[in-house]
Amino acid sequence: MELWKPTFFTVMLLMAVGTGEGQLVENFYSFTCPSVEAIVRQVVTNKISQTFVTIPATLRLFFHDCFVEGCDASVMIASPNGDAEKDAPDNLSLAGDGFDTVIKAKQAVDAVCPNVVSCADILAIAARDVVVLSGGPNFNVELGRRDGLVSQASRVAGNLPEPTFDLNLLNWIFNKNNLSMIDMIALSGAHTVGFSHCSKFSARLYSFNSSSRIDPSLDPSYAQQLIRDCPPNVDPTIAINMDPSTPNTFDNAYYQNLLQGKGLFTSDEVLFTDQISQPTVSDFASSSGDFFAAFATAMVKLGRTGVKTGTDGQIRRDCAAFNS
């Protein structure tokens, strides 16, 4: 008797039914575009060889995308009216190299598998790849997202963590995205390859409060280094590494810096100064393995935020524009 062999359509239907709406699977493109991850990895590798900024730019782009409308590439949309998500004040500092990485990867993927892979999935893969290629943990990316149909600047405010947040506010905004305190502390570790413009932390150097011009939680020598790098009226395009020790390597030095009072943002240093989060910071500072495992787990959880998998999304032909 001839054995029944499922067709491609049947396999995809069973996957959809088995996982339920809004669910993602690691092998989503195993039939329709099996080489997608290899293609994206090659594009990301080439882009990093051109500029290291690719790494923090792509990772930050993924975070900002997921925290607003969910992981749906809504941050990629370009509006002629300047009112898309990327045009919001909190997103104006997103580096162009992140956008360029996704656009180039989408073009390379579509050359092999036209109109199959979403921009949202490409961004998720690229975010994992920049972590791995800078020395961080490898992990499997769940796939099956569709690209969102909404991208509005007005919907950004209040949905992204601010550099002045205390632990309660950080926990609140991460919990909104089903992320725990440990997830939040682990994802903050992405600042090990991050950079920031001086305006984001200058108040810690020049006008902290009425009794202290400089934030007393800053290591004094680090504070003086920052004052030299970010003098008053500094060029607003100047950017400072968030990890002063190993800025080009994805490692646990970020947490070691926090122990020494060398967190650039208030929202960084509070992770160590608050007694509730301090034990986790100390653990990650002493064990890169613990940090890497927690970061990989948190990235997978973040990637599930607000995903579109049905008629609430589309596969964009151009990542910067909705399909007509």
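In the predicted model described here, the side chain of S118 reaches the backbone oxygen of R145 at 2.8 Å, a polar contact being a pair of N or O atoms within 3.5 Å, where within protein one must be able to donate a hydrogen and the other to accept it, and where residues adjacent in sequence count only if both atoms are side-chain atoms. The structure is a predicted model, in which local features need pLDDT of at least 70 and side-chain atom pairs count only at pLDDT 80 or more, while totals for chains, interfaces and linings use all residues. Residues are numbered from 1 along each chain as its sequence is written, and side-chain values use heavy atoms, with hydrogens and water left out.

S118 is found in the loop between helix 4 (96–112) and helix 5 (119–133); helices (H or I, at least four residues) and strands (E, at least two) are DSSP runs numbered from the N terminus. The relative accessibility of S118 is 0%, and the residue therefore counts as buried (buried means under 20% relative accessible area, exposed over 50%, and partly exposed in between, with a 1.4 Å probe and protein chains only). Apart from neighbours within four places in sequence, S118 is in contact (heavy atoms within 4.5 Å) with Y29, R145, R146, D147 and I315.

Four disulfides are counted, a disulfide being a pair of cysteine sulfur atoms within 2.5 Å. Such a link is a covalent bond between the sulfur atoms of two cysteines. With bonded cysteines counted along the chain, the pattern is 1-4, 2-3, 5-8, 6-7. One of these disulfides joins C33 and C113, whose sulfur atoms lie 2.1 Å apart. C33 lies in the loop between helix 1 (8–19) and helix 2, and C113 in the loop between helix 4 and helix 5, so the pair ties together parts that are 80 residues apart in sequence. The link is right-handed because the torsion about the S-S bond of C33 and C113 is about 80°. C33 is buried at 0% relative accessibility, and C113 is buried at 6%.

The sulfur atoms of C66 and C71 are 2.0 Å apart in another disulfide. A torsion of about 120° about the S-S bond of C66 and C71 makes this disulfide right-handed, and both C66 and C71 are buried. C198 is joined to C230 by a disulfide with an S to S distance of 2.0 Å; with -65° about the S-S bond, this link is left-handed. The pair links distant parts of the chain, 32 residues apart, with C198 in the loop between strand 1 (195–197) and helix 8 (203–206) and C230 in the loop between helix 9 (220–229) and strand 2 (239–241). C198 and C230 are both buried.

Side chains of opposite charge can pair when their charged atoms come close. The whole structure contains 13 salt bridges, each defined as a side-chain nitrogen of Lys or Arg within 4 Å of a carboxyl oxygen of Asp or Glu. One of them is formed by D129 and R41 (3.0 Å, N to O). This pair links distant parts of the chain, with D129 in helix 5 and R41 in helix 2 (residues 36–50), 88 residues apart. D129 is buried at 0% relative accessibility, whereas R41 is partly exposed at 26%.

In the salt bridge between K47 and D100, the closest N and O atoms are 2.6 Å apart. Since K47 lies in helix 2 and D100 in helix 4, the pair ties together parts that are 53 residues apart in sequence. K47 is buried, with 6% relative accessibility, and D100 is partly exposed, with 22%. The closest N and O atoms of K301 and D183 are 2.5 Å apart in a further salt bridge. K301 lies in helix 13 (residues 288–302) and D183 in helix 7 (residues 181–188), so parts 118 residues apart in sequence are tied together. Salt bridges that share partners also join E37, R41, R128 and D129 into one network.

The count of aromatic pairs comes to 11; rings of Phe, Tyr and Trp (its six-membered ring) pair if their centres lie within 6.5 Å, with planes under 30 degrees apart counted as stacked, over 60 as edge-to-face and the rest as tilted. F28 and Y29 form an edge-to-face pair, at 4.9 Å centre to centre and 85° between the planes. F28 is partly exposed at 26% relative accessibility, whereas Y29 is buried at 4%. The ring centres of F284 and F291 are 5.9 Å apart and their planes stand at 45°, so this pair is tilted.
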